Amino acid sequence: MTSATGAPNHGELNTTVIARLEGKSSLVEILQYNELRGSEDIRGAQNLFFAQQVGLRLKQVRITLRDSDAIIEAGGLHFMHGNINLDNQVGGLGGFMKKMAANVMTGEATFKPRYRGTGHIYLEPTFGHFLLIRLEGDEAIVEKQMFYAAEGTVDVGVAMQKHISAGAMGGEGWFQTSVRGVGWCVLNSPVPAEEVVRITLNNEKLSVDGTFALLRKGKINFKVEKSTKSLFGTATNGRLRSTASPAN
């Protein structure tokens, strides 16, 4: 719920900041609700009770802008407070066609609203999980529909698989989402951030069973191989192996 007092009071006493990244003139934080007490009916109250018992916690992204901007996945806004304006420009016909193509290829929303100004932006609460990453002039390739928000200095685009095997058999399709530039980025994650394994490759190869690779830096080569040398072996164990290695 929101309260129209002079400043945001969005469950401040009932939330804990579990992750944060500073930008050049912005801040992104992941808030976690300590407990949930509100419900309109008995069934809802029961669901909240069992969610608490199994360790599920409601989370929410809060973005603080200081005369800066942020890009947010369409439909992600909960509310905003301050002097913030929505920039809905698509960059003319060329920009519109580019965004439409990205939508078809990656399944992401066609338009990602850009919010400019000074104040606070709260995104939709969820029981899901988030990853915060910082880009330092480089690129990250992420799974489809993982993108959630980014600092305005980050460019969100499309990356095409370089290897035929990755596009045809990797499970991710021919196109994935690319984020590049300088700044922070918020990604949806199927698991908590602390359960994601981060590996740095130094002239080595990483093999991942199935489609467990959530994201990779843009300079990493990605392809799909059979998990055994023989076609019969691959057919019987039913697995393909994703392989990542530093680009030459």
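At 78% relative accessibility, Asn203 counts as exposed (over 50% relative accessible area is exposed, under 20% is buried and anything in between is partly exposed, with a 1.4 Å probe and protein chains only). This residue lies in the loop between β9 (175-189) and β10, and its phi is near 55°, a positive value in a residue other than glycine. The model is a predicted one, in which local features need pLDDT of at least 70 and side-chain atom pairs count only at pLDDT 80 or more, while totals for chains, interfaces and linings use all residues. Residues are numbered from 1 along each chain as its sequence is written, and side-chain values use heavy atoms, with hydrogens and water left out.

Four helices and 13 strands make up the secondary structure of the protein chain; these are DSSP runs numbered from the N terminus, with helices (H or I) of at least four residues and strands (E) of at least two. Of its 248 residues, 39% count as buried. Contacts (heavy atoms within 4.5 Å) between residues at least 6 apart in sequence join residues at least 24 apart in 76% of cases. The chain exposes about 14200 Å², with carbon and sulfur atoms supplying 55% of this area, as computed by the Shrake-Rupley method with a 1.4 Å probe, only the protein chains shown counting as cover for residues.

Asp67 sits in strand β3 (residues 59-72) and is exposed, at 67% relative accessible area.

Side chains of opposite charge can pair when their charged atoms come close. The whole structure holds 10 salt bridges, each a side-chain nitrogen of Lys or Arg within 4 Å of a carboxyl oxygen of Asp or Glu. In one of them, Glu29 meets Arg62 at 3.0 Å, N to O. This pair links distant parts of the chain, since Glu29 belongs to strand β2 (residues 26-33) and Arg62 to strand β3, 33 residues apart. Both partners are buried: Glu29 has a relative accessible area of 5%, and Arg62 one of 11%.

Arg114 and Asp69 form another salt bridge, with their closest N and O atoms 2.7 Å apart. Arg114 is in strand β5 and Asp69 in strand β3, so this pair ties together parts that are 45 residues apart in sequence. Here Asp69 is buried at 15%, whereas Arg114 is partly exposed at 21%. A further bridge joins Asp138 to Lys217, with 2.9 Å between the closest N and O atoms. That pair connects strand β6 with strand β11 across 79 residues. Salt bridges that share partners also join Arg20, Glu22, Glu29, Arg62 and Arg66 into one network.

Turning to the aromatic residues, three aromatic pairs are counted, where rings of Phe, Tyr and Trp (its six-membered ring) pair if their centres lie within 6.5 Å, with planes under 30 degrees apart stacked, over 60 edge-to-face and the rest tilted. Phe49 and Phe50 have ring centres 5.4 Å apart and planes at 70°, so the pair is edge-to-face. Phe49 is partly exposed at 46% relative accessible area, and Phe50 is exposed at 52%. Elsewhere, Phe212 occupies the loop between β10 (206-209) and β11 (215-217) and is exposed, with a relative accessible area of 63%.
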